[in-house]
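Hello,

Here is the structure I promised to pass on to you. Please have a look at it first, and then read my notes below.

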Amino acid sequence: MTRTEIVTRSTLRATVFGQQSDDALTSRMKPHLPPAGMTPDRVSTTRAVPRSALRLIDSRILSTALRFLDQDPCPLLLAGLKKYRALAEAARVTAAAPGREEVVMLVDPYRVISEHRPEVALLIDGTEVARIGFDLRIAFGMCETAVAVRLGAIDSVDCEAGAVSVDLSVPGGEKLLHGEAEYSVRRELRPPIVIPVDPRPERRL
């Protein structure tokens, strides 16, 4: 398993798959394609597209799907962290006291799941003829994480050790691509990521 540091301008793809090319990654995906391929039946039946052209279309669909991985993994990680009660409380306290900073320590192993349903539009002669859906699942595991909260927002994150995995699948079908890597992240967030909270303190009975 590779190890990397998530820094500014990191991408999910670089974090998990390093410098692997489109050709290398699509080659990994092709053996897991559905038997009929990715191209919808109505495209091949109504337009009499040769089999060689269908294989080329499949390759283009897969290489386009890789663009879903060209996003910064840090916001995906922090979007999940914002749901934790301790961070919500720190946000409420610091929003009410400008200048105050709260550092929330996540000591136990934490897991953040980010799931998405992106689509690739297929155009022939400039006309959209189909949309091909994918399931994208990103799982972050974290240990020894410090999150600084100021003015109701996450100001910085410091994760000494974590692991991230990526799965790209056809909805209801087999995984097309899987990858995982160990990571660390030390980043000041500019702008900070606001944590939406109820301004009233939590009541306990």
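What share of the 205 residues of the protein counts as buried? The figure is 43%. Please keep in mind that this is a predicted model.

**Overall layout**

The protein has six helices and eight strands. Reading from the N terminus, the order of the elements is β-α-α-α-α-α-α-β-β-β-β-β-β-β. Its radius of gyration is 21 Å, well over the 17 Å that the globule rule gives for 205 residues, so the protein is more spread out than a compact globule. The C-alpha trace spans about 65 × 35 × 30 Å along the principal axes.

**A helix to look at**

Helix H4 covers residues 51-65. From the first C-alpha to the last, H4 reaches 21 Å, close to the 21 Å expected at 1.5 Å a residue. Among its buried residues are Leu54, Ile57, Ile61 and Leu62, and also Asp58.

**The hairpin of E7 and E8**

Strand E7 (residues 153-169) pairs with strand E8 (residues 175-194) in the antiparallel sense, over 14 bridges. Within this pairing, aspartate 167 has histidine 178 in E8 as its bridge partner. Five residues sit between the two strands, and in this hairpin glycine 172 has a positive phi near 75°.

**Salt bridges**

There are 17 salt bridges in the structure. In one of them, arginine 150 meets glutamate 101, with the closest N and O atoms 2.4 Å apart. Arginine 150 belongs to strand E6 and glutamate 101 to strand E2, so this pair ties together parts that are 49 residues apart in sequence. Arginine 150 is partly exposed at 36% relative accessibility, and glutamate 101 is partly exposed at 37%.

Another salt bridge joins glutamate 115 and arginine 137, whose closest N and O atoms are 3.4 Å apart. This pair links strand E3, which holds glutamate 115, to strand E6, which holds arginine 137, across 22 residues. At 58% relative accessibility glutamate 115 counts as exposed, while arginine 137, at 31%, counts as partly exposed.

Arginine 131 and glutamate 119 form a salt bridge too, with 3.6 Å between the closest N and O atoms. Arginine 131 lies in strand E5 and glutamate 119 in strand E4, 12 residues apart.

**A patch on the surface**

Val103, Met105 and Val107 make a nonpolar surface patch of about 300 Å². Valine 103 is part of strand E2 (residues 101-106) and is partly exposed, at 49% relative accessible area.

Best wishes

Technical notes. Residues numbered from 1 in each chain as written. Predicted model: local features only at pLDDT ≥ 70, side-chain atom pairs only at ≥ 80, totals over all residues. Heavy atoms only, no water. Patch = residues over 30% accessible without salt bridge, like charges linked within 9 Å, V, L, I, M, F, W, Y side chains within 5 Å. Areas by Shrake-Rupley, 256 points an atom, 1.4 Å probe, with all protein chains shown as cover. Salt bridge = Lys/Arg side-chain N within 4 Å of Asp/Glu carboxyl O. Helix = DSSP H or I, 4+ residues; strand = E, 2+ residues; numbered from the N terminus. Buried < 20%, exposed > 50% of the residue type's maximum accessible area, 1.4 Å probe, protein only. Pairing = 2+ DSSP bridges. Expected span 1.5 Å × (residues − 1). Rg over C-alpha atoms; globule rule 2.2 N^0.38 Å.
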